[in-house]
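Dear colleague,

I am passing on the structure below, and I would be glad if you could look through it alongside the notes that follow.

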Amino acid sequence: MTKVLIFGAGAVGCVYGYILHKAGATVTAVCRTNYDAVKEEGIHIRSKIFGECHFNPTPTRTVAEAALNGPFDYIIVASKAFPGTAEMIREAVTPEHTTIVLAQNGIGIEEDYARLYPHDTIITGVVYLPVTQVEPGVVEMGPLERFEIGTYPAKASPAAKAQTQRLSELWKAGGATAPVFDDVQPVRWVKVAINASWNPICALTLCDDANYIRSSGKSEEMVRKIMFEVGRVATAEGYPDAITDEVIARDLERPRSRLATGGKEPSMLTDVRARRPIEVEAILGNTLRIAQRHNLSTPYIELLYTLAKARNYQLQPDDQWRDILFARVNGQK
């Protein structure tokens with residue numbers, strides 16, 4: 001039987017754990033704030049796709065405790081993509097056996113995992129899953145579910161490609177969708193363009209996407225400029241067709257469609273309201289560093305990065321938030 005570890009049992013991790021459980025896998029989940037609820041009641045999901053769902057993974061407080069249930073065939077990393085996250089799963093990784101699956105935002109996030117786990121297959125994925133953990137162990141899910149996956153690097157071994165296909169088949173067996181891309185980076189760049197524009201704009205203005213659109217006649221044009229700037233970086237990285245005018249126009253249709261019914265709060269805005277750190281480095285910082293490597297000027301990304309860093313600094317000065325996150329995940333005080 002396939003053994004899976006969910007690292008990051010937030011809303012995304014809970015749903016992905018359910019999908020794999022439904023596919024017949026044995027699921028262990030590293031839980032932090034929801035450990036007691038998951039241990040006592042399991043995980044409840046109210047989904048517009050799957051209906052009312054419930055399952056009981058094996059919850060643990062730490063990775064070290066979870067490792068006792070291994071060796072794991074797959075580790076699904078569904079936590080926020082903060083610096084240092086790759087190190088946190090080390091105790092649960094079995095060299096030449098465990099496949100590491102990144103269900104995280106950002107660009108260039110795979111490099112740390114490839115450096116730390118050179119003998120393990122790495123699958124990187126783009127998550128489209130509107131979910132919220134409304135209380136510990138209880139998740140509400142909207143009418144969309146898609147996990148776009150591929151190996152890292154794209155030119156991986158036949159064995160790594162086979163593991164990726166096997167994961168896609170597990171997703172299908174669980175009633176979900178995980179298409180395999182020969183090179184998943186173009187679709188990752190599209191998601192980064194969306195996140196690098198909407199997430200910091202909404203987090204810094206405290207507007208949901210519809211209210212931001214309403215706020216001025218310049219609002220949509222600013223989103224276009226930021227997404228176009230990300231597109232220039234993607235082009236420099238070898239993906240000139242990732243972020244087109246059509247992609248940008250299609251993305252702007254989403255908030256426009258919500259003007260009458262109410263906007264959506266991107267994850268960064270939700271985190272700011274809850275006084276949690278936001279994913280600055282994975283989304284904005286890495287994009288900016290790639291641009292600098294290619295000697296590209298990206299003033300909009302640089303401005304958003306600087307302001308978002310200041311937002312995080314107010315929440316937890318310097319890098320204390322990373323130390324706090326690491327301590328919580330590993331059961332330290």
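A residue is called buried under 20% relative accessible area, exposed over 50% and partly exposed in between (1.4 Å probe, protein chains only). By that definition Leu204, with a relative accessible area of 33%, is partly exposed; Leu204 lies in helix 7, helices being DSSP runs of H or I of at least four residues and strands runs of E of at least two, numbered from the N terminus.

This is a predicted model, in which local features need pLDDT of at least 70 and side-chain atom pairs pLDDT 80 or more, while totals for chains, interfaces and linings use all residues. Residues are numbered from 1 along each chain as its sequence is written, and side-chain values use heavy atoms, without hydrogens and water.

Turning to cavities (on a 1 Å grid over the protein atoms alone, sets of points where a 1.4 Å probe fits but cannot get out, with lining residues having an atom within 4 Å of a point), a search of the whole structure finds two of 30 Å³ or more, a volume being the space filled by probe spheres set on the points, which are joined across faces, edges and corners.

The largest cavity has a volume of about 40 Å³, and its lining, which includes Gln104, Val127 and Arg188, takes its largest share, four residues, from helix 7. The second largest cavity, of about 30 Å³, is lined by residues including Ile6, Cys14 and Phe55, and helix 1 (11–22) and strand 2 (26–30) each supply at least two of its lining residues.

With best wishes

Notes:
1 Å grid on protein atoms, 1.4 Å probe; cavity = no way out; pocket = protein on both sides within 12 Å on 5 of 7 lines; lining within 4 Å.
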